[in-house]
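Trainee: I would like to go through the labels used for this model and ask what stands behind each one.
Mentor: Good. Ask about the label, and I will set the value against the cut-off.

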Amino acid sequence: MFTIRTVSILFLMLLLAACTAVAGPVAPDIDSSPPSPTAAVEITVSVQHDPPTPPALITEAVQIPSPAATNTPELTPAQDPVFPLSRPILPPGRVVIDPTYRFGTSHGGERELHHGVEFLNSQGTPVHAAGEGVVLFAGDDYNGSPYSPRGWFAFYGLFVILEHDFSGLESPVYTLYGHLSEVSVETGQTVANHQQIGLVGFTGAAVGSHLHFEVRYGGTTYSDSRNPEIWLAPEPENGSLVGRIRDANDLPVPVLSLQLSSLDNPAYTQYFSTYEDASLSFQLPFEENFAIGNLPPGMYELSFIAYKLEKHTIEILPGELTQVEIIIGEKE
């Protein structure tokens, strides 16, 4: 059984105007439970500070159950309690998420703020259901759709929405598969996990051939989108990271450049950012403002600049979702 770990990193920074440099603004398509009785897991945290040194550094690591795992005995074998969704593209198709256009980013302001992720594949690549569910919609949005962004026509082109009912979650989960060249299911149809539901294409507002994949939680509108990297099962033996960077007043701190470097493999580094739109941050069930999935297990250094250069050592374990919270500044 997989588990989810939460790492809370609390640091009170003494912000002196004479020795601090305020970080610049973030630059701008087209996947409460009580603490677990499990013993706390110690995580090493390495923080680099310029003078002056903050008055206190408190590190707390608590292992808690996944939001999707409160009723694990009722789960079907196909459903992972931590990562309930499987990848909608199977080998020999390209199963990795495009790292250049992640959820909550805008490709440097050149594209629409992304509410999903991309699987870059050639036209005609089979698209599969990411979990057992019922087809909520199968068709197009050429004349508009309540599932598309307001005011848009032909945004997704041909697309499918599946409704999933996962044990342990208070609200239903929906998955959306956009820009298809062919739809092979009908509204109201029950589908199995991995069942083919269509083919990759570039209909609608697609830029090249790819699958646009979304996860929506608690509702079916565009604003109900969540980061699929948290929900999708990583490749075997890999894990994922989800977290939030906030100030002491519980407001998200935008960070344009986050760097996650493997301490076990110097050649492996991932670059990403917090969500560019604050409205996408701190939403249930994970209340995060960044996430990155499918990471090889091992020790990593997460570094970024928020007033100062911050460095934190995080361990990614196979099959686990590691959750990190970083609090910056003093409460006003």
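**Labels and cut-offs**

Mentor: Start with a pairing: strand E12 and strand E18 (residues 321–328) run parallel and share 8 bridges. The model is predicted, so local features need pLDDT of at least 70 and side-chain atom pairs pLDDT 80 or more, while totals for chains, interfaces and linings use all residues. Residues are numbered from 1 along each chain as its sequence is written, and side-chain values use heavy atoms, with hydrogens and water left out.

Trainee: Which strand runs antiparallel to E12?
Mentor: Strand E15 (residues 290–295), joined to E12 by 4 bridges. Gly 243 has Phe 290 as its bridge partner in E15.

Trainee: How many residues of E12 are buried?
Mentor: In E12 (residues 239–247), 9 of 9 are buried. Buried means under 20% relative accessible area, exposed over 50%, and partly exposed in between (1.4 Å probe, protein chains only). Both faces are covered. Gly 239, Leu 241, Gly 243, Ile 245 and Asp 247 lie on one side, with Ser 240, Val 242, Arg 244 and Arg 246 on the other.

Trainee: Why is Gln 270 called buried?
Mentor: Its relative accessible area is 18%. The cut-off is under 20%, so the label holds. Gln 270 sits in strand E14 (residues 269–272).

Trainee: Which residues does Gln 270 contact beyond its neighbours within four places in sequence?
Mentor: Arg 102, Leu 258, Gln 259, Leu 260, Ile 292 and Leu 295. Contact means heavy atoms within 4.5 Å. Leu 260 is 10 residues from Gln 270 in sequence, with the C-alpha atoms 5.2 Å apart.

Trainee: What makes the link between the side chains of Gln 270 and Arg 102 a polar contact?
Mentor: The distance is 3.1 Å. A polar contact is a pair of N or O atoms within 3.5 Å; within protein, one must be able to donate a hydrogen and the other to accept it, and residues adjacent in sequence count only if both atoms are side-chain atoms. The side chains of Gln 270 and Tyr 268 also make a polar contact, at 3.2 Å.

Trainee: How do you know that Glu 229 and Arg 102 form a salt bridge?
Mentor: Their closest N and O atoms are 2.7 Å apart. A salt bridge needs a side-chain nitrogen of Lys or Arg within 4 Å of a carboxyl oxygen of Asp or Glu, so this pair qualifies. Glu 229 is in helix H1 and Arg 102 in the loop between strand E2 (56–64) and strand E3 (117–119), so the bridge ties together parts 127 residues apart in sequence. Glu 229 is buried at 4%, and Arg 102 is buried at 9%.

Trainee: Which residues are linked in a network of salt bridges?
Mentor: Arg 244, Arg 246, Asp 250 and Glu 325. Arg 244 and Glu 325 have closest N and O atoms 2.7 Å apart. For Asp 250 and Arg 246 the value is 2.5 Å. A search of the whole structure finds 5 salt bridges.

Trainee: Why is Asp 250 called partly exposed?
Mentor: Its relative accessibility is 48%.

Trainee: What aromatic pairs does the whole structure hold?
Mentor: A search finds 14. Trp 231 and Phe 286 form one that is edge-to-face, at 5.7 Å and 85°. Rings of Phe, Tyr and Trp (its six-membered ring) pair if their centres lie within 6.5 Å; planes under 30 degrees apart count as stacked, over 60 as edge-to-face and the rest as tilted.

Trainee: Why is the pair of Phe 272 and Phe 290 called tilted?
Mentor: The centres are 5.9 Å apart and the planes stand at 40°, so the pair is tilted. Phe 272 is in strand E14 and Phe 290 in strand E15, 18 residues apart. Both Phe 272 and Phe 290 are buried.

Note on methods: Helix = DSSP H or I, 4+ residues; strand = E, 2+ residues; numbered from the N terminus. Pairing = 2+ DSSP bridges.
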